[in-house]
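Subject: Structure for your review

Dear colleague,

Please find below the structure that I am handing over to you.

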Amino acid sequence: MFEINKKSEVPLYQQLVHSIKKHIEEGTLKENDKIPAESEFCTVYDLSRTTVRQALRALEKEGYIYKLQGKGSYVSSPKIYQDRSGFSKFYDDMMSLGKIPISKILSLKIKKPNTLVKERMNLSDDELICKLVWIRYGNDEALIYETIYLNYSLVEGIENIDLKSKKLYDVLANEFGIKMTHGKELFYPCKLDASEAKFLGLNEGDLGMKVERTVFQGSKVLEYTKSTVRGDRFVYTTNF
């Protein structure tokens, strides 16, 4: 099943990595399928245990497989490719992938912004924000931990709307007549802290992606959002 050529100059562990990747990408190995045990690779393909472990570690690091203690290695869920061109819509992205989008609200408060948020949103001392903290799920899998700051002068009363079952940008457009004109995003890698890891079902120190988004209505800042995205699940694309 797996192609290993001992006469090749390519290291054996890299050949095994490439072969397993090929079967996953071509669909021969599907999501949650069990990968052969280390001992089976060693016996069938005459490989050392060190070589097999090196290959499996590389695949796990790249997000192709995951391990269950005492049970072995399994094929991970496929990466989620998300187009970041224009105004991204988590709900629509999940639906297009056949996943049920769910938002679990952790808190929603109307309050004065801290200094950082006030600067990012160019707010005066007496202006308020709506601070929304939630976890975004695809089916039952936690994918994004997100804090959204909305200019409350533009969305007064939003705290009375059930946002769990509605698209946020649809609510802004339909309930408040918001017309988003432009925006900007900043991306950078991160290691998850203990709180982020807990909410996303990962381990502290696992890799993630930070996304900071600022959305405008004309010259006025409507939204400033800070997202922590699972680094093992998302691939971002853009068009230019």
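This is a predicted model: local features need pLDDT of at least 70, side-chain atom pairs count only at pLDDT 80 or more; totals for chains, interfaces and linings use all residues.

**Domains**

The domain assignment divides the protein chain into domain 1, covering 12–75, and domain 2, covering 80–237. Between the C-alpha centres of domain 1 and domain 2 the distance is 36 Å.

**Nonpolar cores**

The largest nonpolar core comprises 18 residues. Within this core, the residues with the most contacts are Leu150, Val155, Ile158, Leu163, Leu168, Leu172 and Leu222. At least two residues of the core come from each of S5, S6 and H6. H6 provides the largest share, namely four residues. A further core, of 17 residues, lies apart from this one, and its members include Ile20, Leu29, Val52 and Leu56. As general background, nonpolar side chains in soluble globular proteins tend to be buried together.

**Helix H6**

Helix H6 spans 168–176. Its buried residues include Leu168, Tyr169, Val171 and Leu172. These residues lie on the same side of H6, because the arc they cover around the axis is only 160°. In an α-helix there are 3.6 residues a turn, so residues three or four places apart point the same way. After H6 comes Gly177, which has a positive phi, near 65°.

**Salt bridges**

Over the whole structure, the search returns 16 salt bridges. Side chains of opposite charge can pair when their charged atoms come close.

For Glu62 the corresponding value is 34%, so Glu62 is partly exposed.

Glu146 and Arg136 also form a salt bridge, with their closest N and O atoms 3.2 Å apart. Since Glu146 is in strand S6 and Arg136 in strand S5, the pair ties together parts that are ten residues apart in sequence. Are these two residues buried or exposed? Both Glu146 and Arg136 are buried.

In the salt bridge between Arg213 and Glu185, the closest N and O atoms are 3.7 Å apart. Arg213 is in strand S8 and Glu185 in strand S7 (residues 182–191), so parts 28 residues apart in sequence are tied together by this pair. Arg213 counts as buried because its relative accessibility is 11%. Glu185, with a relative accessible area of 27%, is partly exposed.

Ser103 is located in strand S4 (residues 101–111). Its relative accessibility is 8%, so Ser103 counts as buried. The side chains of Ser103 and Arg136 are joined by a polar contact of 2.9 Å; Arg136 is also the partner of Glu146 in the salt bridge described above. Beyond its neighbours within four places in sequence, Ser103 is in contact with Trp134, Ile135, Arg136 and Lys164.

Ser153 lies in the loop that runs between strand S6 (141–151) and helix H6. With a relative accessibility of 45%, Ser153 counts as partly exposed. Its side chain and that of Asn151 are joined by a polar contact of 2.6 Å. Residues up to four places away in sequence not being counted, Ser153 touches Glu127 and Lys220. The C-alpha atoms of Ser153 and Leu222 are 9.2 Å apart in space, although the two residues are 69 residues apart in sequence.

Yours sincerely,

A colleague

Notes: Residues are numbered from 1 along each chain as its sequence is written. Side-chain values use heavy atoms; hydrogens and water are left out. Buried means under 20% relative accessible area, exposed over 50%, partly exposed in between (1.4 Å probe, protein chains only). Contact means heavy atoms within 4.5 Å. A polar contact is a pair of N or O atoms within 3.5 Å; within protein, one must be able to donate a hydrogen and the other to accept it, and residues adjacent in sequence count only if both atoms are side-chain atoms. The arc is that of the directions from the helix axis to the C-beta atoms. A nonpolar core is a set of buried Ala, Val, Leu, Ile, Met, Phe, Trp, Tyr and Cys residues joined through side-chain atoms within 4.5 Å. A salt bridge is a side-chain nitrogen of Lys or Arg within 4 Å of a carboxyl oxygen of Asp or Glu. Domain bounds come from an automatic or database domain assignment.
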